[in-house]
Structure formats: structure tokens, C-alpha cells
Amino acid sequence: MQRPFKQVDVFTAEPYLGNALAVVLDGAGLADAQMQRFARWTNLSETTFVLEPTAAGRAAGADYRVRIFTPGGELPFAGHPTLGSCHAWLQVGGQPQSADIITQECQVGLVKIRRDGERLAFAAPPLQRSNPAPALLAQVSQALGLRPAQIVAAQLLDNGPVWLGLWLDSSDTVLALAPDHARLRTLGQKVGVAGTYSAQYATPLIARSNREARAFAGRTEPAAAAPDLEVRAFAAPLGVNEDPVTGSFNASLAQWLIADGLAPARYLAAQGSCLDRAGRVHIERDAGGQVWVGGESVTCIEGTVTL
């Protein structure tokens, strides 16, 4: 069966600098094994299948439903597939029930997406976090080649996917990592790391008061705005050694860092530098405390796929 298909680059306004996403715009009737096989074949970090909402989802306001697959398995939620699937759905004429908000249904529940010009932003799902076991932290640190002094803080972050988040002493430390991916795969733990570009890891970020952040809310940064943070995400257990740009991890990272005073209520994160990408993730916590994770998307390929 011929199904409409798009390949979208997410978290970039310039093609081929973000994170590619395969979107099958009609997933009706496909078995789980068929979806998984196609996701493995695309060999992208994620492939999505757009479906009609469930009856319960539609009653709760869902506009469409997505299922999200990596080459190694299905995810309950992921950020760049959320933005890319919404971008593709709108391009083919999707009409949300609300003028201001698009509502996506996925395994984690309903996810709100708002439009700001060409940029889409999703509402970060509720986060559960805890301190990692010392043994796990030690094993992951060794696999990453980190010294204990380079880890400023660590948390297990769960917003559907579970990431071990590490806040490192600088962006230089983040960029210099050469992980042992085979060891990370054996540990079975996805790991995300981040560090600031400031000389002293948090002071310049914290110096931006919440009042200033609110004053700038809704304004678009210049295209060449310098990032505040550098982020990397390693997902060897899912068959992706390093993800170019990761919405789910950036969402949970932002909720953690902002809540603990390690980052301001509004900042710009860079990801993908070590993969010759230039992903940009726009973070904002609104006056009600909701964290929004945004970025541009651009369609690179469109046509049909046989499934």
C-alpha cells in the first residue's frame, strides 16, 4: 500500500543540520512488526506513524496520534518526533481543534504543541527525577571517560523515556567526550550530558533573573544567537550511539536545571556539534511554570512509501 511520507529535519531552519525524522502520515492497519521493520530500515534515530486518535484521546481533545519507533524499539514519547510529526501533519492540511494549540496523543498521554511563527514548541511532560545509584553513576562515568570532579550534578530523569542526566563543568568537557558506546549498551542506560559555555559553570546563567526572562518571553532570538548550553545524548541501548538533537532529554534537562537554579527560565541549547549538525533547542518556562521546548522544522523529502 502506498502511504504519504515525509522526511523532516527538526530543530533547524536549514536542511540537514538538525535531526532527521521519517514520518509515515497514514499508519492505519500496520502491525507493530511492520512499523518496527520500517524504522529499522530507515536507520534514523526515530520514525513515526500518524494515526487517528483513540476514542478516549479524541474525547480529551487529541488532534492526531503518533507511534514513535527507534531502530531498536518503540518509545512512549520523544521530542523531535513530536515537533517533526506535527510539522508534517500541518503541512498536509491537518486542522487542529484549537486555533492556538495542537494536541498530540502518544503512549505517554496527550502532549500540547503551540505555534510561534515557524517554530513549534511542545509542553514538556511531567517529570519524575531521582538520584542515580552510585554504582550506576560510577560505571557511566567510566564509560564516558569522566573524572568525578567534572560532574557537577546528576539525576535520573523520567518523562516517558528515562535518561541519566549529567550536568558537567563546561561545554568543553561535553564536546571532548569520546564514549565507549559498547559499554553504555551493556549498561542499558541512555545518558544525556550538558554544560554551559560560561567560564564558571552556572553563574552567568543564574544572573539572568526570572523577571528578565519573562520580559523576553515571546520574542524570537536572532538567527545567529549564541547558545547558552551544549548538549549531547547517547542512546546505545536503543541502537543510536549519539542522537543529533534530543527533545525528550532537553525537556527533562530543562525542568531539572531551571527548578534547581542551574539555568534561567529561558535559554538556548546547542546539540549535534560533534556530528556536524547545528541543532538549536529553545527553552522557555512560562509564568505558569510550564516548560516549553521549541525549534524549527524543515521538510527535506516528500512522496510515498510502500508499506
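Biologist: Is Thr47 buried or exposed, judged by its relative accessibility?

Modeller: This is a predicted model, and in it Thr47 counts as buried because its relative accessibility is 0%, where the cut-off for buried is under 20%. Thr47 lies in strand S3, which covers residues 47-51.

Biologist: Which residues does Thr47 touch, leaving aside those up to four places away in sequence?

Modeller: Thr47 touches Leu21, Ala22, Phe38, Ala39, Thr42, Arg67, Ile68 and Phe69. With one of these residues, Thr42, the side chain of Thr47 also makes a polar contact of 2.9 Å.

Biologist: Let us turn to a helix. What span should helix H3 have, and how far apart are its end C-alpha atoms?

Modeller: Helix H3 runs over residues 79-91, and its 13 residues, taken at 1.5 Å a residue, should span 18 Å, while the end C-alpha atoms are 19 Å apart, which agrees. As a general idea, an α-helix has 3.6 residues a turn, so residues three or four places apart point the same way.

Biologist: How many residues of H3 are buried, and which residue with a positive phi follows the helix?

Modeller: H3 is mostly covered, with 11 of its 13 residues buried, and among them are His80, Leu83, Cys86, His87 and Trp89. After the helix comes Gly93, which has a positive phi near 100°.

Biologist: How many residues of strand S15 are buried?

Modeller: In strand S15, which spans residues 266-271, six of the six residues are buried, so the strand is largely enclosed by the rest of the structure.

Biologist: Which strands pair with S15, and are they parallel or antiparallel to it?

Modeller: Strand S13, residues 229-235, runs parallel to S15 and is joined to it by three bridges, and here Glu230 has Ala270 of S15 as its bridge partner. Strand S16, residues 279-285, pairs with S15 in the antiparallel sense over six bridges, with Arg266 standing opposite Glu284 of S16.

Biologist: Where does pLDDT stay under 50?

Modeller: The general idea is that where pLDDT is low, the predicted coordinates should not be read in detail. In this structure pLDDT stays under 50 over residues 199-223, although the model has 35 contacts beyond four places in sequence for this stretch. For the protein chain as a whole, the average pLDDT is 91, and 92% of the residues score at least 70.

Technical notes: Residues are numbered from 1 along each chain as its sequence is written. This is a predicted model: local features need pLDDT of at least 70, side-chain atom pairs count only at pLDDT 80 or more; totals for chains, interfaces and linings use all residues. Side-chain values use heavy atoms; hydrogens and water are left out. Helices (H or I, at least four residues) and strands (E, at least two) are DSSP runs, numbered from the N terminus. Buried means under 20% relative accessible area, exposed over 50%, partly exposed in between (1.4 Å probe, protein chains only). A polar contact is a pair of N or O atoms within 3.5 Å; within protein, one must be able to donate a hydrogen and the other to accept it, and residues adjacent in sequence count only if both atoms are side-chain atoms. Contact means heavy atoms within 4.5 Å. The expected span of a helix is 1.5 Å times one less than its number of residues. pLDDT is the predictor's confidence in each residue, from 0 to 100. Two strands pair if DSSP finds at least two bridges between them.
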